[in-house]
Amino acid sequence: MSIRTILTQEDPTLYKVCHPVTRFDGRLADLLDDLRETLTEANGVGLAAPQVGILRRAVVVVPDPEKDEMIELVNPEILAQEGEEEDWEGCLSLPGMWGRVKRPKWVKIRAQDRNGNWFETEGADLAARCFCHELEHLEGHMYDEHADRLYTAEELDEILANEEGQGGKPKKRRRRR
Ligand code: NI
């Protein structure tokens, strides 16, 4: 296993459509292991293969940051979605920036595991946001396309501090995808 370099905004690889995974072999296992290790090192909640320069439809996500359980999605597809929710979103490929993005409140996903077995999973709120964000990477799209503007970490801290001052709930530290 090794930690791979996470590509950032300027890299053209991030804007390409990824190919389906057709071989469920040792190379795929190595890629998924590296994605896990790289995501853990970056303390993020999701990472897609194109973010490390591999144009294959594979992602790892942490649907519930409280549990720190990571799941692998190969050739993932959205089967169903419901509702809409706007919240802050960040990306390991857009370091230091944050934006508000509307995503479905709930999604149901179908994907293959590293052995090629299909399974279904679903997620609401943060998990739904994370699934949608990662699947979009596989299409060569990034969240900033949906955000009216991007904010720096300092601007975000100030906004969240103001919300707390006005009786809003204290916000946990944001983690990127
Ligand atoms: Ni991202």
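T38 is buried, at a relative accessible area of 3% (buried means under 20% relative accessible area, exposed over 50%, partly exposed in between, with a 1.4 Å probe and protein chains only). Before going further, a word on the source: this is a predicted model, where local features need pLDDT of at least 70, side-chain atom pairs count only at pLDDT 80 or more, and totals for chains, interfaces and linings use all residues. Residues are numbered from 1 along each chain as its sequence is written, and side-chain values use heavy atoms, with hydrogens and water left out.

**Around T38**

T38 sits in helix α1 (helices are DSSP runs of H or I with at least four residues, strands are runs of E with at least two, and both are numbered from the N terminus). Leaving out residues up to four places away in sequence, T38 touches S2, I3, R4, I6, L47 and V52 (contact means heavy atoms within 4.5 Å). The T38 side chain also reaches the backbone nitrogen of R4, at 3.0 Å. How far apart are T38 and M1 in sequence and in space? They are 37 residues apart along the chain and 9.4 Å apart from C-alpha to C-alpha.

**The five-stranded sheet**

Five strands line up as an open sheet, in the order β1-β2-β3-β6-β7, with antiparallel pairing (two strands pair if DSSP finds at least two bridges between them). β1 (46-48) and β7 (118-124) are at the edges with a single partner strand each, so one side of each has no neighbour in the sheet. On average, neighbouring strands here are turned by 35° against each other, direction ignored (axes are lines fitted to C-alpha atoms, for helices over the stretch in contact, and angles run from 0 to 180 degrees between N-to-C directions).

Inside this sheet, β3 (residues 71-82) and β6 (residues 106-112) pair in the antiparallel sense over six bridges, and E77 stands opposite R110 in β6. Helix α1 (residues 26-42) packs on the sheet, where it touches β1, β2 (58-61) and β3, and its direction makes about 35° with that of β2.

β6 and β7 make a hairpin with five residues between them, and G116 in the turn has a positive phi of about 95°.

**The three-stranded sheet**

There is also an open sheet of three strands, ordered β4-β5-β8 and paired antiparallel. Its edge strands are β4 and β8, each pairing on one side only. α2 packs on this sheet and touches β4 and β5, with its direction at about 65° to that of β4. Between β5 and β8 there are two bridges, and the strands run antiparallel; W98 is the residue opposite Y151 in β8.

**Nonpolar cores**

Which residues of the largest nonpolar core touch the most other members? Of its 32 residues, L35, L73 and F131 do (a nonpolar core is a set of buried Ala, Val, Leu, Ile, Met, Phe, Trp, Tyr and Cys residues joined through side-chain atoms within 4.5 Å). α1, β1, β2, β3, β6 and α2 (126-138) each supply at least two residues of this core, and α2 gives the most, with seven residues. Not counting residues up to four places away in sequence, F131 touches V61, I71, L73, V107, I109, T121, E122 and G123. Apart from this core lies another, of eight residues, among them L7, L94, V101 and A147.

**A buried arginine**

R103 is found in strand β5 (residues 97-103). The R103 side chain makes a polar contact of 3.1 Å with the side chain of E136 (a pair of N or O atoms within 3.5 Å; within protein, one must be able to donate a hydrogen and the other to accept it, and residues adjacent in sequence count only if both atoms are side-chain atoms). Beyond four places in sequence, the residues in contact with R103 include E84, E89, R129, H133 and Y143.

Here are some buried residues with their values:

| Residue | Relative accessibility |
|---|---|
| W88 | 5% |
| Y151 | 19% |
| R103 | 5% |
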